[in-house]
Amino acid sequence: MKVGGAVRVPGDKSISHRALMFAAMARGTSHLGGVLPSLDVRGTARVLRQLGAVITPLRGEHAVRVKGRGRLLPSEGTLNCGNSGTTARLLLGLLAAHRFRATLTGDSSLRRRPMARVTAPLGLMGARIDARGDGLPLDITGGRLHGIRYELPVSSAQLKSALLLAAAAGGVDLGVREPAGRSRDHTERLLRAFGYTVLERDGWIEFVASGRVVPFELQVPGDISSAAFMLGAALLAEGGALRVVGVGVNPTRTGVLTVLARMGAEIALEPTGSELDEPVADLDVRPSLLRGTIVAAAEIPGLIDEVPLLAVLASRASGPSVFRDVGELRVKESNRLELIAANLRAVGAAAEVRGEDLWVAGDAPIPRGRVRTDGDHRLAMAFAVLGTVAGARVAVDDMACVAVSFPGFEALLRSLAVRGGR
Ligand code: S3P
């Protein structure tokens with residue numbers, strides 16, 4: 001296909017979750033625009049409503065008004081976080097600082113995902129956790145918290161943010177350190193906007209409970225993790241050019257652009273402004289001949305959600321690619337690591353999990369075959385992008401799951417070709 005014109009992707013998922021949570025913590029009315037209208041973010045809004053926030057959708061551009069009560073209120077019912085790890089983990093952080101008992105659960109995928117990595121440090125801070133195993137469902141009873149210094153077992157923005165939210169809501173200082181590479185720092189940026197001191201020193205994030213969460217206004221930028229799929233489709237196209245407008249380009253999220261540039265992708269970034277310290281840009285992309293690359297372990301946290309897309313692009317590149325130390329992908333919405341490799345093989349490419357690394361041979365034949373997603377949205381979208389290659393026949397078993405992060409994905413992907421002509 002040929003691509004053409006300009007597209008806008010929906011709002012950033014990570015920022016949407018956080019904005020709703022901070023607005024629920026504030027006492028008074030916040031106005032948010034561009035909030036991602038996906039199942040995951042709707043799930044966050046649903047549980048925050050159960051906890052006392054009044055969240056009202058407004059007309060136009062996914063605007064919402066959030067009336068927070070300055071704290072969360074006890075909920076009678078179980079808090080169902082659906083498919084969303086971010087909802088569950090960040091909410092656990094907030095609840096740790098509230099003196100009532102709450103029960104969290106999720107769908108069958110989320111119930112399998114590890115929670116002890118969050119609940120252990122929250123327990124050290126003073127919350128009480130009642131869990132049967134490592135996952136959901138679990139009960140949490142918040143309490144008076146104390147500050148801790150804690151080295152996370154994995155670099156994870158969800159874990160880091162859970163502890164930061166607990167510290168902010170509980171009014172205590174915190175030191176937290178990630179083992180390898182920096183994960184996304186949206187929580188830190190928002191906390192700074194509320195007057196908290198958040199410093200980085202010798203690999204530690206030092207949080208000082210010096211601020212206060214107050215009502216705010218925010219226009220959520222487009223999600224670079226969603227934009228990546230449009231960039232990928234344009235890179236594989238046979239001609240034309242595409243502009244993706246209004247994309248959040250926080251440097252802890254742009255690892256995908258760095259790696260694509262190394263692979264030979266022609267992508268230019270044009271800054272257009274910023275929203276509460278989150279830089280925004282338009283991205284111009286042209287179809288490009290790609291070459292394989294090695295993605296270092298320290299780069300992974302900055303592109304953790306883009307590995308499926310990068311892996312399918314690597315199969316179309318010349319020469320092999322290696323993604324180092326991606327074991328964390330085993331505990332995403334699916335066993336994403338094994339499924340990336342298995343699905344690449346299912347469509348005729350060579351790929352293997354080698355220990356904690358993912359290896360993808362380049363120079364694959366035209367992709368043809370059936371893809372199994374286990375309901376994982378990013379696998380569905382990555383392989384749908386691969387299916388746009390001329391002559392490809394890629395059947396993805398479940399496209400409905402894309403609604404958790406990118407409603408309208410299929411229509412937008414199809415529109416790229418329509419804009420560009422055949
Ligand atoms: C997210 C963090 C990432 C990412 C997820 C969203 C966030 O998870 O995979 O889609 O909003 O903090 P980890 O931080 O657990 O790697």
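The legends below describe close-up views of a predicted model, centred on its ligand and its pockets.

**View 1. The shell of residues around the ligand.** Surrounding the ligand are Lys13, Ser14, Arg18, Thr86, Ser156, Ala157, Gln158, Arg184, Ile304, Asp305 and Lys332. Sorted by class, this shell holds five charged, four polar and two nonpolar residues. Two helices, α1 (13–25) and α6 (157–170), each contribute at least two residues to the shell, and α1 gives the most, with three residues.

View 2. For lysine 332, the distance from a polar side-chain atom to an oxygen atom of the ligand is 2.7 Å. The ligand taken alone would expose 380 Å², and the protein buries 96% of that area.

**View 3. The largest pocket, where the ligand sits.** The ligand is found in the largest pocket, whose volume is about 590 Å³. This pocket is lined by 35 residues, and those nearest its centre are Ser155, Ser156, Ile304, Glu328 and Lys332. The elements that give two or more residues to this lining are α1, α3 (85–96), α6 and α12 (377–386). By class, the lining of the largest pocket comprises 15 charged, eleven polar and nine nonpolar residues.

**View 4. The second largest pocket.** This pocket contains about 370 Å³ of space. It is lined by 19 residues, of which Arg8, Val9, Pro10, Gly11 and Glu61 are the closest to its centre. The lining of the second largest pocket divides into nine nonpolar, seven polar and three charged residues.

Terms used. Residues are numbered from 1 along each chain as its sequence is written. This is a predicted model: local features need pLDDT of at least 70, side-chain atom pairs count only at pLDDT 80 or more; totals for chains, interfaces and linings use all residues. Side-chain values use heavy atoms; hydrogens and water are left out. A residue is near a molecule or strand if one of its heavy atoms lies within 4 Å of it. A polar contact is a pair of N or O atoms within 3.5 Å; within protein, one must be able to donate a hydrogen and the other to accept it, and residues adjacent in sequence count only if both atoms are side-chain atoms. Accessible areas come from the Shrake-Rupley method with a 1.4 Å probe; for residues, only the protein chains shown count as cover. On a 1 Å grid over the protein atoms alone, a cavity is a set of points where a 1.4 Å probe fits but cannot get out, and a pocket is an open set with protein on both sides within 12 Å along at least five of seven lines; lining residues have an atom within 4 Å of a point. A molecule sits in a cavity or pocket if more than half of its atoms lie within 2 Å of its grid points. Helices (H or I, at least four residues) and strands (E, at least two) are DSSP runs, numbered from the N terminus. Ala, Val, Leu, Ile, Met, Phe, Trp, Tyr, Cys and Pro count as nonpolar, Asp, Glu, Lys and Arg as charged, and the others, Gly among them, as polar. Grid points are joined across faces, edges and corners, and a volume is the space filled by probe spheres set on the points.
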